[in-house]
Amino acid sequence: MEPDVQRCELSSESISLYFHIPFCERKCIYCDFYSIEDQSAQSRFIDALCKEIDLKIKTYPSLDGKTVDTIFFGGGTPSLLTPSEFEQIVKTIHRHFTLSDNIEFTLECNPGTVTLEKLSAYKALGANRLSFGVQSFHQDELDWLSRIHSAQDARDAVAIARAAGFDNVNIDLMFALPGQTKEKLAYSLQEAIALGTEHISAYNLTVEEGTPLNRMVKLHQVNEMPVDDASEMYELVQETMTSVGYHQYEISNYSKSESLRCKHNLVYWDGYKKYISFGPSAHEFFGSERSWNLSSLDQYLKRIESQELPRNNSEHPAPDERRTEVLFCGLRSIGVDIKHFKASFNEDLIKHPEIESLLAEGLVTITTDRIALTTKGYRYCDAIVVRLMEPLAVA
């Protein structure tokens with residue numbers, strides 16, 4: 001029997017939208033997302049981004065009028081958009097898509113770039129969730145990370161967001177920074193918690209190829225935190241967040257309730273749901289095809305101004321690749337849907353020979369519909385996926 005890989009991918013009529021805004025005031029040393037510091041082409045980019053939406057609808061007419069459940073503006077620094085630029089994009093979205101009544105509409109923001117006037121305008125135009133890249137509440141760590149804001153800027157940004165009417169706010173933090181102590185991490189966690197945001201994300205600093213941080217490590221200017229020390233930091237994050245009522249629902253994400261989980265990111269981690277993306281370097285998953293745009297603003301602009309989509313490449317993952325992807329995405333979040341997995345890959349995951357051991361080790365739980373990681377299991381997600389990598393033989 002051939003695995004029905006597309007069955008679940010095509011079952012939903014709703015989609016999610018991602019917009020990549022590539023401009024930053026200053027590029028952070030750890031960031032491997034496509035972004036540039038030169039904002040001189042920002043107005044031209046906004047025109048091109050709107051034109052990309054038009055071109056995509058023209059190329060894929062079935063998208064016209066689709067219901068959108070989530071919208072996410074990432075980057076880069078979306079909060080560099082002026083209210084009029086944001087309005088231009090939003091109007092184009094409304095022209096082609098139907099926004100669901102309970103849509104989640106997120107903008108990533110740098111605390112050093114927001115004002116009450118700007119956030120109030122974003123809110124009036126439909127944004128209802130903000131995600132602040134705070135990273136730390138220690139000035140020396142912020143300086144080392146190349147952040148443009150201060151700890152007080154972060155506190156002020158959350159207050160401004162509340163004044164603008166936002167009741168769904170996330171704070172991003174980072175841990176396992178070179179030389180970071182548990183005491184310094186605990187302070188940043190407590191400062192974030194004290195702000196009362198509905199969601200907090202805490203990411204382990206990783207050294208990505210091609211970043212300034214990667215070059216610093218190769219030149220022995222910076223030493224990465226030892227794995228065991230980073231693991232202890234991660235456990236501190238888990239224990240601190242859960243002790244004050246935040247619920248972990250993904251390796252790095254915590255929310256005050258299930259309704260306050262980031263719905264857009266859950267689309268990515270679901271492994272099946274469709275998302276359409278716009279902007280340079282943006283990736284999307286539609287049907288059974290993954291595709292991504294050119295990672296160059298100049299090339300992106302030239303392509304669109306020539307009335308062509310700025311696609312760089314695409315792929316149709318093989319069944320074994322999709323299986324690993326679904327396992328990894330599901331386990332790192334709320335779990336693998338047992339029925340969907342069986343329908344897609346003709347495999348009863350519960351019968352996998354590793355499951356019994358994983359249960360005994362306290363790394364996974366099984367409910368009527370999902371296999372999910374425990375708090376302890378999140379610490380070993382990659383290793384657990386490796387143990388489940390070999391498919392169960394089908395008679």
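Student: What volume does the largest cavity have?
Tutor: The largest cavity has a volume of about 50 Å³. Keep in mind that this is a predicted model.

Student: How many cavities of 30 Å³ or more are there?
Tutor: The count comes to 1 cavity of 30 Å³ or more.

Student: Which residues line the largest cavity?
Tutor: The lining consists of Glu-52, Lys-56, Glu-284, Ser-291, Asn-293, Leu-309, Pro-310 and Arg-311. Helix H1 (42-59) and strand S11 (289-293) are the elements that give two or more residues to this lining.

Student: And by class, what is in the lining of the largest cavity?
Tutor: There are 4 charged residues, 2 polar and 2 nonpolar.

Student: You mentioned S11. How many bridges join S10 to S11?
Tutor: Strand S10 (residues 283-286) and S11 run antiparallel and are joined by 4 bridges. One of the residue pairs is Phe-285 with its bridge partner Arg-290 in S11.

Student: What do S10 and S11 form, and what is in the turn?
Tutor: They form a hairpin, with 2 residues between the strands. In the turn, Gly-287 has a positive phi of about 70°.

Student: New topic: the open sheet. What is the order of its strands?
Tutor: The open sheet of 3 strands has the order S13-S15-S14, and the pairing is antiparallel. Strand S13 (336-337) and strand S14 (364-366) stand at the edges; each has a single partner strand, so one side of each has no neighbour in the sheet.

Student: How many bridges join S14 to S15?
Tutor: S14 and S15 are joined by 3 bridges. Val-364, for example, has Leu-373 in S15 as its bridge partner.

Student: Where does Ala-372 lie?
Tutor: Ala-372 is in strand S15 (residues 370-373).

Student: Is Ala-372 buried or exposed?
Tutor: Ala-372 counts as buried because its relative accessibility is 14%, and buried means under 20%.

Student: Which residues is Ala-372 in contact with, leaving aside neighbours within four places in sequence?
Tutor: Those contacts are Ile-334, Gly-335, Leu-363, Val-364 and Thr-365. As for Leu-331, its C-alpha is 5.8 Å from that of Ala-372, though the two residues are 41 apart in sequence.

Terms used: Residues are numbered from 1 along each chain as its sequence is written. This is a predicted model: local features need pLDDT of at least 70, side-chain atom pairs count only at pLDDT 80 or more; totals for chains, interfaces and linings use all residues. Side-chain values use heavy atoms; hydrogens and water are left out. Buried means under 20% relative accessible area, exposed over 50%, partly exposed in between (1.4 Å probe, protein chains only). Contact means heavy atoms within 4.5 Å. On a 1 Å grid over the protein atoms alone, a cavity is a set of points where a 1.4 Å probe fits but cannot get out, and a pocket is an open set with protein on both sides within 12 Å along at least five of seven lines; lining residues have an atom within 4 Å of a point. Grid points are joined across faces, edges and corners, and a volume is the space filled by probe spheres set on the points. Ala, Val, Leu, Ile, Met, Phe, Trp, Tyr, Cys and Pro count as nonpolar, Asp, Glu, Lys and Arg as charged, and the others, Gly among them, as polar. Two strands pair if DSSP finds at least two bridges between them.
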